[in-house]
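Colleague: I'd like to learn how to read a model like this one feature by feature. Could you walk me through it?

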Amino acid sequence: MELSPLTAISPIDGRYRSQVAHLSEYFSEFALIKYRVYVEVEYFIFLADKKFFTLNASAKNKLRNIAAEFSLDNANRIKEIERTTNHDVKAVEYFLKEELDKLNLSSVKEWIHFGLTSQDINNTSIPLSWKHCMEHEYLPALINLQNDLYALATQWKNIPMLAKTHGQPASPTILGKELMVFVERLNNQISLFSFIPYAAKFGGATGNFNAHNIAFPKKDWVKLGNEFVEERLELQRMQFTTQIEHYDNLAAHFDTIKRLNNILIDLCRDIWTYVSMEYFKQKTKAGEVGSSAMPHKVNPIDFENAEGNLGIANAALEHLSAKLPISRLQRDLTDSTVLRTLGVPVAHTIIAINSIQKGLGKLLLNETKLNEDLEHNWAVVAEAIQTILRRENYPNPYEALKDLTRGKASITKKDMHGFIGKLKVSAEIKKELKAITPQNYTGVSAKF
């Protein structure tokens with residue numbers, strides 16, 4: 001069958017294609033070829049700038065235009081060459097030599113790919129495409145979600161809510177503050193992510209500039225390699241490598257994304273639970289149904305969808321971070337196949353972020369239910385009462401409150417005030433204790 005959103009094997013290229021099609025700019029076969037062309041062109045121009053050969057400004061501009069305006073037709077030409085070479089990077093080299101012939105620059109075409117091995121191109125192209133995706137797509141999407149959570153936290157910063165620890169009623173909290181827990185967690189991991197360099201390998205067949213050095217032994221190739229990678233490509237060149245980059249920093253990126261995804265899974269499960277507790281209702285849309293059989297249902301499907309996609313992403317990220325830093329001796333080919341899947345966990349993560357944002361946009365606060373749960377759980381102020389009694393040096397206050405509240409089906413305001421009335425404390429202390437309610441016993445937190 002012809003490939004379409006209905007015939008695609010992967011939901012990334014099928015059901016969810018419209019959400020993640022833009023990621024093709026970074027992770028498709030076309031994108032990989034385009035980035036390879038870009039690196040080859042920039043290296044060629046770099047050599048010219050370092051006076052290995054002469055190249056005028058017009059020629060440089062024309063070559064950069066080939067990379068900037070790289071088309072599907074160009075990519076197809078490279079794939080056509082690859083059918084003969086059976087080597088993808090060599091096909092890029094031959095394509096660029098054809099382009100140099102067209103520009104009447106045949107005399108300098110052997111400077112294309114000078115001294116390099118294919119991994120000098122792959123291990124700069126892939127981290128560069130990864131860097132661009134992280135900076136232009138993933139991190140902005142994550143920060144937008146974080147901002148949405150912060151906006152809701154601010155909106156609900158004065159909404160008291162019964163907390164649940166071990167699934168049981170616990171000291172009341174503030175709904176907005178509970179969302180700030182996730183804002184802070186995301187912020188911490190985004191900060192950690194930003195400290196991880198985008199690493200590259202660039203140093204010839206086994207990382208020692210062998211071919212470069214034998215041809216031009218008086219050149220400082222380590223310095224030139226560093227300058228090209230760090231100033232032209234804005235990546236960090238690893239100084240001691242085999243044929244490939246270590247992938248340790250890339251693995252650190254994967255592991256950080258996994259942690260970020262786990263935070264989002266935690267968020268999804270909490271919001272899902274709040275919906276099931278009726279703390280939130282959900283906006284409905286004309287024409288939509290929540291169940292094929294039960295007309296009343298409005299399911300929290302956005303958070304369920306996100307949780308599923310985040311799980312798939314994390315499974316892929318786990319394999320990537322565990323596999324890529326391991327390679328036999330100076331290199332085996334297992335990294336090549338695995339690296340082609342980088343877009344898979346990113347796509348599932350972007351789909352999840354979109355789903356969470358959609359779900360958050362549907363939430364309707366049900367203050368009545370929140371207040372009912374607080375009112376039905378007066379036992380939670382026992383902590384406050386026994387703490388004040390401790391302050392007053394009252395004998396065995398914890399045990400007294402434990403006997404009153406533990407294992408009881410329900411403790412009401414009347415029960416609590418009756419207990420307070422029998423305490424052998426001053427009228428002023430009794431007044432202080434009776435002023436405590438589940439709604440106002442919410443503590444303090446940092447301002448937001």
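Colleague: Let's start with a single residue. Is N371 buried, partly exposed or exposed?

Modeller: Keep in mind that this is a predicted model. For a residue like this, go by relative accessible area: under 20% is buried and over 50% is exposed. N371 comes out at 38%, so it is partly exposed. It sits in helix α15, residues 367-375.

Colleague: OK, zooming out. What does the radius of gyration say about the overall form?

Modeller: First the inventory: the protein chain has 19 helices and 6 strands. The radius of gyration is 31 Å, well over the 22 Å that the globule rule gives for 448 residues, so the chain is more spread out than a compact globule. Along its principal axes the C-alpha trace spans about 100 × 55 × 40 Å. As for burial, 49% of the 448 residues are buried.

Colleague: Which residues touch the most other members of the largest nonpolar core?

Modeller: The general idea is that in soluble globular proteins, nonpolar side chains tend to be buried together. Here the largest nonpolar core has 134 residues, and W130 and I356 touch the most other members. Helix α7 gives the largest share of this core, with 14 residues. I356 is in contact with L145, L264, L267, C268, F303, A306 and L310, once you set aside its neighbours within four places in sequence.

Colleague: Where do I find a side chain reaching a backbone nitrogen from a loop?

Modeller: A polar atom of the N56 side chain lies 2.7 Å from the backbone nitrogen of A59. N56 is partly exposed, at 49% relative accessibility. Its C-alpha atom is 9.9 Å from that of I45, 11 residues away along the chain. Then look at K60 in helix α4. K60 counts as buried at 19% relative accessibility, and it touches I45, D49 and L55, not counting residues up to four places away in sequence.

Colleague: Now the strands. How many bridges join β1 to β2?

Modeller: In a regular strand the side chains alternate between the two faces of the sheet. In this model, 5 bridges join β1 (160-165) to β2 (168-174), and the two run antiparallel. The strands form a hairpin with 2 residues between them, and H166 in the turn has a positive phi of about 60°.

Colleague: What about K51: what is its phi?

Modeller: Most residues other than glycine have a negative phi, and most peptide bonds are trans. K51 has a positive phi of about 70° although it is not a glycine. K51 lies in the loop between α3 and α4 and is exposed, at 72% relative accessibility. Another case is H113, with a positive phi of about 65°. H113 sits in the loop between α6 (88-102) and α7, but it is buried, with a relative accessible area of 13%.

Terms used: Residues are numbered from 1 along each chain as its sequence is written. This is a predicted model: local features need pLDDT of at least 70, side-chain atom pairs count only at pLDDT 80 or more; totals for chains, interfaces and linings use all residues. Side-chain values use heavy atoms; hydrogens and water are left out. Two strands pair if DSSP finds at least two bridges between them. Helices (H or I, at least four residues) and strands (E, at least two) are DSSP runs, numbered from the N terminus. A nonpolar core is a set of buried Ala, Val, Leu, Ile, Met, Phe, Trp, Tyr and Cys residues joined through side-chain atoms within 4.5 Å. Buried means under 20% relative accessible area, exposed over 50%, partly exposed in between (1.4 Å probe, protein chains only). Contact means heavy atoms within 4.5 Å. The radius of gyration is taken over C-alpha atoms; the globule rule is 2.2 Å times the number of residues to the power 0.38. A polar contact is a pair of N or O atoms within 3.5 Å; within protein, one must be able to donate a hydrogen and the other to accept it, and residues adjacent in sequence count only if both atoms are side-chain atoms.
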